[in-house]
Amino acid sequence: MKKKLIIFDMDGTIYLGKDLLPGVLDTFKYLYDKEIEYVFFTNNSSHDLEFYYKKISNFGIRCDLRHNFYSSTEVTISYLHKKNVKKIYVVGNKCLKDKLSPHFKLVDKYDSKNKIDAVVCGFSTELIYQELKDACLYLQTQDIEFIATNGDYRCPIEDGLYIPDCGGMCEWMRLCTGKKATVLGKPNPEIIDYLADQFRVKKDQILVVGDRLYTDILVGVNAKVDTLCVLSGESSIDDVEQYAYKPSYVLDSIKELPELLEEIK
Ligand SMILES: [Mg+2]
């Protein structure tokens, strides 16, 4: 089936750190010329979308902030609305709180008399202990939703090193409270349904492209859409062969994506 929407991971797929991967600009020119829609999706809720828009557009890729960029924050907002959530406590960066505050009432501290609907945890690089403490007190004393914007335990940075991510923070809270977070973002298929809706495409017209098996490929498997694993980032061909779920396609990089799309027409 001809693809109409391609959902791209960014780091390891489009670029590595500060460097654009070879052949990427030609691939995006092909997609634009063929009128194939593309979006950039990140699990990372610690930056706002402007950060990614600037990075991608500075590489020379044609894109629009409102049309082409989505993060686990947008999925979280959509999910909370579906659950009829009104009042929340947030563990996360200021940019996450700024995105959530027009939609929900945010409470800023634990108060046993203040009834809330959910605790929301994002990837916080501005974390303070009081936030974890307040969130844990709410989770122990009220029957509420516990939402994680994403489940990644760690986030890759330069030189093959990692920093703690949202999944680790939620694990800390789980160990304290016994409550397990509902994890949004990849690999939760919610994002694929959300984007299929936004772009009015059918699932067999979607291709998910990424370098990480347990998020990028698994989200496609969970949503029953085609997936392409590129070997330009985290995963090697050995990793792909050993992983329980197989991507629909494997390529060295998205440089070869136009040929693949010609073949699967
Ligand atoms: Mg990646």
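**Before you start**

The model is predicted; local features need pLDDT of at least 70, side-chain atom pairs count only at pLDDT 80 or more, and totals for chains, interfaces and linings use all residues. Residues are numbered from 1 along each chain as its sequence is written.

**Stop 1: the two domains**

Colour 5–43 together with 186–263 as domain 1, and 85–183 as domain 2. These bounds come from an automatic or database domain assignment. Taken over C-alpha atoms, the domain centres are 28 Å apart. The contact between them involves 5 residues from domain 1 and 5 residues from domain 2. Here, two residues are in contact if their C-beta atoms, placed from the backbone, lie within 7 Å. On the domain 1 side, the touching residues include no nonpolar ones, 4 polar and 1 charged. In this scheme Ala, Val, Leu, Ile, Met, Phe, Trp, Tyr, Cys and Pro are nonpolar, Asp, Glu, Lys and Arg are charged, and the others, Gly among them, are polar.

**Stop 2: the parallel sheet**

Next, show the strands E7-E6-E8-E9-E12. In that order, these 5 strands form an open sheet with parallel pairing. Strands (E, at least two residues) and helices (H or I, at least four) are DSSP runs numbered from the N terminus. Two strands pair if DSSP finds at least two bridges between them. At the edges are E7 (105–107) and E12, each pairing on one side only.

Zoom in on E9 (residues 145–148). E9 runs parallel to E12, and 2 bridges join them. Select Ile147: Thr182 in E12 stands opposite.

H6 lies across E6 (87–91), E8 (118–121) and E9, and runs at about 140° to E6. Axes are lines fitted to C-alpha atoms, for helices over the stretch in contact, and angles run from 0 to 180 degrees between N-to-C directions.

**Stop 3: a cis proline**

Select Lys186 and Pro187. The peptide bond between them is cis, with omega near 10°. Pro187 sits in the loop between strand E12 (182–183) and helix H8 (190–199).

**Stop 4: helix H8**

Carry on into H8. Which residues of H8 are buried? They are Glu190, Ile191, Ile192 and Leu195. A residue is buried if 20 or more other C-beta atoms lie within 10 Å of its own, exposed if 12 or fewer, and partly exposed in between; C-beta atoms are placed from the backbone. The cover over these buried residues includes E1, E4, E5 (69–71), H4 (72–82), E13 (206–210) and H9. After H8 comes Arg200, with a positive phi near 50°.

**Stop 5: Thr13**

Thr13 is in the loop between strand E1 (5–8) and strand E2 (15–16). Is Thr13 buried or exposed? Thr13 counts as buried because 24 C-beta neighbours lie inside 10 Å. Select its contacts beyond four places in sequence: Phe8, Val209, Gly210, Asp211, Val230, Ser232, Gly233 and Ile254. Ser232 is 219 residues from Thr13 along the chain, yet their C-alpha atoms are separated by 6.3 Å.

**Stop 6: two positive phi values**

Select Glu35, in the loop between helix H1 (24–33) and strand E4 (37–42). Glu35 is not glycine, but its phi is positive, near 55°. Glu35 counts as exposed, with 7 C-beta neighbours inside 10 Å.

Finish at Lys224, in the loop between helix H9 (213–223) and strand E14 (226–230). Phi of Lys224 is near 60°, again positive in a residue other than glycine. Lys224 is exposed, with 11 other C-beta atoms within 10 Å.
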